[in-house]
Amino acid sequence: MKQLLLIAIAMLAITGCGKRETRVEQGNRDQILHLGNGTEPQDLDPHIVTGVPEHHLITALLEGLVGLDPKDLRPVPGGAERWETSADGTVYTFYLRKNAKWSNGDPVTAHDFLNSFKRILTPSLASEYAYMLYVAKNAEAYNTGKLADFSEVGFKVLDDHTLQVQLNNPTPYFLSLLNHYSWYPVHLPTVEKHGPVHERGNRWTRPENFVGNGPFILDKWRENQIIIVKKSPTYWNADIVRLKEIHFYPIDSDDTEERAFRSGQLHVTQTVPLPKIDVYKREKPDLLRIYTYLGCYYYRVNVTKPPLDNKEVRRALAMAIDRENIVKHITKAGQIPAHHFTPPGTAGYTAEARIPMDVDAAKKLLAEAGYPDGKGLPTIEILYNTSEGHKVIAEAIQQMWKKNLNIDVQLVNQEWKVYLDSQKQLNYQICRAGWIGDYPDPNSFLDMWLTGGGNNQTGWSNSEYDQLIREASRAADPQKRMEIFQKAEAILLDEAPVIPIYFYTRNFLIQPSVKGWHPNILDHHPYQHVHLEAAKK
Amino acid sequence: MPEAPELEKYAAHAMEDIEQGTSLWRDAWHRLQKNKLALFGGGFILLLALACFLSPFLGIQSYEEQNLTLGATPPSAEHWLGTDLLGRDLMARILYGGRISLSVGLAATAVSLLIGVIYGTLAGFLGGKTDALMMRFVDILYALPFTILVILLMVIFERSLLLLFMAIGAVEWLTMARIVRGQVLTLRRQEFIEAAEALGLRKRRIVFRHLIPNVLGVIIVYATLTVPSVMLLEAFLSFLGFGVQAPMSSWGTLINDGAKAMEEYPWLLLFPASFFSLTLFSLNFFGDGLRDALDPRASKD
Amino acid sequence: MLRFILRRILQAIPVLIIIATLTFFMVRLAPGKPFDAEKATTPEIRARLEAHYGLDKPLLQQYFSYMGNLVKGDFGPSFKYANRSVNELIAASFPVSLELGAYAMCIALMLGLLAGVIASLKPNSPTDYVPMSMAMVGICLPTFVMGPLLILVFGLTLGWFNTSGWFFPSDRVLPALTLGGYYAAYTARLARGGMLEIMHQDFIRTARAKGASEKRVVLRHALKGGLLPVVSFIGPAIAGLVSGSFVVEMIFQIPGLGRYFVTSALNRDYAMVMGTVIFFAVLILVMNLIVDIVLVWLNPKLRFD
């Protein structure tokens with residue numbers, strides 16, 4: 001009894017008086033980085049997963065052929081120490097470093113890469129990101145089952161440490177593609193040991209089984225709670241890795257994440273709750289980071305149903321949105337009003353065509369379409385998936401169209417999967433959407449609008465546009481390629497099957513002790529360059 | 001078995017009740033009038049309902065009119081309860097939302113009350129195999145995934161307020177039925193019910209005259225508990241795209257949104273939550289008063 | 001009693017089959033498919049994904065093969081979490097929810113019963129109004145308001161507890177209070193209502209008339225009958241509590257089972273929906289069986305029939 005009392009008093013003393021050392025302070029001392037990581041990962045198999053939280057984890061655990069410099073996103077040596085490009089830009093030869101090792105001590109060889117590429121392209125694995133490899137010769141044919149012989153696909157092992165990739169076309173963004181996890185290698189003997197190699201449901205990604213070639217190794221994985229990775233002693237560049245551990249917390253709620261950050265439990269968050277942005281801007285601007293991000297928030301327009309099958313009506317709607325006010329008063333996190341679709345400066349490309357904000361012109365267009373002052377136009381429905389952020393933007397746009405064009409608009413929200421289904425079935429009039437580029441190139445934003453493309457989902461089709469996009473993929477001259485994209489985007493904006501609203505920013509909170517976390521458009525932060533440095537007291 | 005004289009007393013009691021008929025309600029009304037707190041509660045709800053439903057005619061600002069440059073502001077002379085993130089008048093939004101929340105709260109509760117009480121009483125009264133069958137049916141409904149059920153309902157039917165009541169009623173009556181059934185099960189074994197049966201009273205009469213009045217207190221308590229959970233459930237249904245559509249509001253959605261910004265814009269939580277709480281308190285006082293008034297034995301204490 | 005329990009277990013089998021069957025077809029009828037995503041995959045890959053989980057087979061064949069596995073206790077692999085099975089996910093998260101639910105239930109019963117019984121002893125007096133007003137506040141503050149408020153006060157301002165997480169024993173306090181407080185309010189209201197009802201019953205009057213002390217009247221006679229509504233309420237409530245609360249788990253970042261009830265439906269993770277629903281159904285059946293046993297125990301005049 002007495003002991004219990006003593007313990008109770010001691011507990012009170014610890015918790016009550018004096019400030020406890022926070023997790024962040026401990027981390028600063030021990031080089032342990034605590035990261036908010038959105039949501040529980042589906043898996044850690046680079047050939048299975050599709051999400052961003054998974055990306056954050058996999059970049060710690062595995063390494064591809066080529067990395068990207070966190071400051072300027074220039075391709076830098078990764079698993080390959082150097083590479084050569086053929087004169088026509090279609091053949092890449094990678095020279096792997098000989099000192100690269102898997103975490104079980106095996107050397108990383110060209111065969112590992114080749115077999116990994118084979119694995120992700122194998123039809124039975126049904127990898128959703130296999131299309132990222134389609135730039136390679138015959139990769140698509142193999143993945144869709146049209147080609148059975150993998151040796152005809154454009155990958156060739158020249159020797160244990162030399163790998164050659166044959167592309168369909170000169171692809172200027174090829175090296176930055178390699179930074180995507182779909183191009184990462186896995187240790188096939190390990191995969192084989194824990195289940196079928198070319199099917200889902202393999203258990204090799206459990207902490208007790210995992211073998212990787214990245215700067216960190218998987219230590220603990222507790223569902224919905226924490227994933228811990230530890231510095232890998234076998235990593236070829238282990239000397240520069242200063243972090244000892246990274247703890248990833250899958251925190252679904254942004255409010256919960258912010259509170260954890262504020263109480264010193266996290267070094268970096270995934271996002272900032274909307275109402276908190278103003279507060280941090282005002283009171284702790286040094287903790288808030290806002291970067292431009294490779295993505296566009298926009299509305300899709302279903303062009304198959306009247307009255308929106310009429311180009312004038314679509315353009316009128318697009319021109320009557322006050323994007324500046326939305327960005328300034330609603331989203332508030334430095335987003336850029338989008339008057340075109342491809343984010344400005346994507347691989348040096350900024351669209352010249354614009355959808356202006358011009359209410360008078362919009363009214364005129366509407367009148368030309370046969371709806372003077374909005375008369376006779378049936379009620380238009382805006383569909384969005386349930387979320388506070390989408391709701392307020394839809395509400396604002398509803399008011400803008402009402403005020404500027406005298407149009408009645410109804411809002412409809414649907415739960416995520418129902419919304420995806422409605423979108424796919426073209427069972428909507430206008431619906432909210434967002435697109436994040438897979439790689440920094442206009443192609444990632446423009447080829448989705450090809451006739452019948454899986455991500456088109458507007459029913460829009462334009463043969464001239466299709467022609468241009470195909471031409472661009474074959475163009476060898478970068479200058480000429482960009483000119484083609486300009487023409488294509490001009491058509492897209494003129495026809496307005498999409499109404500761009502703003503370009504995304506990434507906004508998050510970060511403790512000042514985190515060093516080497518550089519802003520970039522891909523939100524790419526290789527952990528080998530990150531370390532912690534507590535402020536001197 | 002009870003002793004003979006007692007049995008007679010219960011029988012007399014039972015007969016008395018039957019004779020009383022309409023005067024029972026007049027008595028109840030009389031007793032209710034004497035309960036100040038209950039009257040206050042009832043009056044407040046009436047007043048609030050009037051304000052909500054008449055709000056378009058009271059010259060109150062529009063619930064959807066925005067002022068983006070204004071944004072969220074604390075209470076002021078122009079906006080008595082402040083404005084929300086889009087610069088909309090919060091009072092208008094609360095009053096407008098009250099229409100939805102009050103009608104959902106009261107109507108869906110009434111639906112669940114009706115089904116739950118009748119179902120529970122029958123199960124408890126009939127007992128045996130019928131009871132087992134009826135209760136296993138409740139178990140089945142209990143276990144079915146509500147989210148999926150709602151999504152399916154939305155596919156099958158057009159979005160409407162009536163459907164909203166149905167969906168909510170469909171889940172809320174289950175606990176009510178279980179509680180009533182538990183009460184009836186025990187009451188059934190009490191002397192006065194057995195006496196009534198022995199006297200050969202018809203089953204319907206026993207159920208409505210003797211069983212239900214005796215579980216009324218618990219029913220009313222649980223009904224007042226159902227109202228808030230129904231109002232909040234509406235917010236979840238909105239999430240599934242089933243409740244009210246933006247830019248319309250309801251108390252559930254207002255409180256939900258307000259809770260996210262409670263540190264920055266406390267009035268966005270405080271005012272909707274206050275209306276919500278005041279309504280529940282009033283309802284509660286009224287419910288308690290009603291229970292006391294309807295209890296024929298209370299007056300004899 | 002043993003026969004009663006046995007009979008109920010026999011009843012449970014068809015109930016579970018009905019629940020499983022209904023759920024099986026309901027999830028598959030719902031719009032939106034498991035592998036719909038914002039970035040559309042090619043039709044070929046989608047077809048292969050569906051084939052991997054047997055979704056390409058005729059519905060009835062899927063149904064019978066699922067029920068076959070179910071009999072063996074195998075819920076199958078999760079669609080969303082590719083390398084984990086539904087059994088594993090439930091096994092990992094249920095203990096957490098069970099623990100939290102147990103604490104919350106203790107709080108709910110202790111606070112709720114105490115407040116409710118005290119309030120019922122002297123209706124319409126301060127000892128009634130004070131605990132009942134507190135209960136009303138508890139009902140008016142839903143968990144998604146109460147949770148953040150508690151965190152704000154005890155986590156951020158006073159710094160006594162972590163704001164979220166499930167690592168230390170102290171991490172249990174705030175979520176248990178949030179969840180328990182809400183149920184305590186319900187329990188208190190129901191306990192008071194039930195007690196008042198009983199106190200008016202004639203057998204209590206008889207006991208009083210026979211000169212039994214007030215304490216004896218309450219403890220020996222009233223309590224048993226007065227708590228009936230609480231018992232009827234608490235059965236399903238416990239099943240709900242120990243299977244986790246989505247809202248509280250989100251607010252406090254707790255790795256419990258509750259989240260899966262909502263996310264599995266939203267993800268259309270058919271296997272996970274089935275797993276959670278059947279698991280919950282078993283809990284409900286068990287709890288209601290216990291409730292019915294307690295009802296008989298509280299009222300010996302009832303028989304197990």
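Visitor: Which way does α4(B) cross α7(B), left-handed or right-handed?

Guide: In this predicted model, α4(B) passes α7(B) in a right-handed crossing. To place the pair, look for residues 90-126 of chain B, which form α4, and residues 161-187 of chain B, which form α7. Their axes lie 6 Å apart, at an angle of about 35°.

Visitor: And what kinds of residues make up the contact of α4(B) with α7(B)?

Guide: Sorted by class, there are 20 nonpolar, 6 polar and 3 charged residues.

Visitor: Let's turn to a helix in chain A. Which residues of α9(A) are buried?

Guide: Start with the general idea: an α-helix has 3.6 residues a turn, so residues three or four places apart point the same way. Now the case here. Helix α9 of chain A covers residues 274-283, and A:L274, A:P275 and A:K276 are buried in it.

Visitor: What do the buried residues of α9(A) pack against?

Guide: Two partners are in chain A, namely α8 (254-262) and α13 (388-405), and they are joined by α10 (251-260) of chain B.

Visitor: Now strands. How many bridges join β8(A) to β9(A)?

Guide: There are 6, and the two strands, residues 216-222 and 226-231 of chain A, run antiparallel. As a pair to look for, A:I217 has A:K230 in β9(A) as its bridge partner. The hairpin has 3 residues between the strands, and A:N224 takes a positive phi near 60° there.

Visitor: Stepping back, why does the radius of gyration of chain A agree with a compact globule?

Guide: With 537 residues, a compact globule would come out near 24 Å, and chain A has 26 Å, so the two agree. The C-alpha trace of chain A spans about 80 × 70 × 40 Å along its principal axes. Chain A holds 17 helices and 18 strands, and 50% of its 537 residues count as buried. Of the contacts in chain A between residues at least 6 apart in sequence, 67% join residues at least 24 apart.

Visitor: Last one: how many residues do chain C and chain A bring to their contact?

Guide: A general point is that the size of an interface is often given as the accessible area lost when the parts come together. Here we can go by residues: 38 come from chain C and 42 from chain A. On the side of chain C, α2(C) gives the largest share, 5 residues. That side divides into 19 nonpolar, 11 polar and 8 charged residues.

Conventions:
Residues numbered from 1 in each chain as written. Chains lettered and ligands numbered in written order. Predicted model: local features only at pLDDT ≥ 70, side-chain atom pairs only at ≥ 80, totals over all residues. Axes fitted to C-alpha atoms, helices over the stretch in contact; angles between N-to-C directions. Helix = DSSP H or I, 4+ residues; strand = E, 2+ residues; numbered from the N terminus. Left-handed = near helix turned anticlockwise from the far one by under 90°. Nonpolar A, V, L, I, M, F, W, Y, C, P; charged D, E, K, R; others polar. Rg over C-alpha atoms; globule rule 2.2 N^0.38 Å. Buried ≥ 20, exposed ≤ 12 C-beta atoms within 10 Å, placed from the backbone. Contact = placed C-beta atoms within 7 Å. Pairing = 2+ DSSP bridges.
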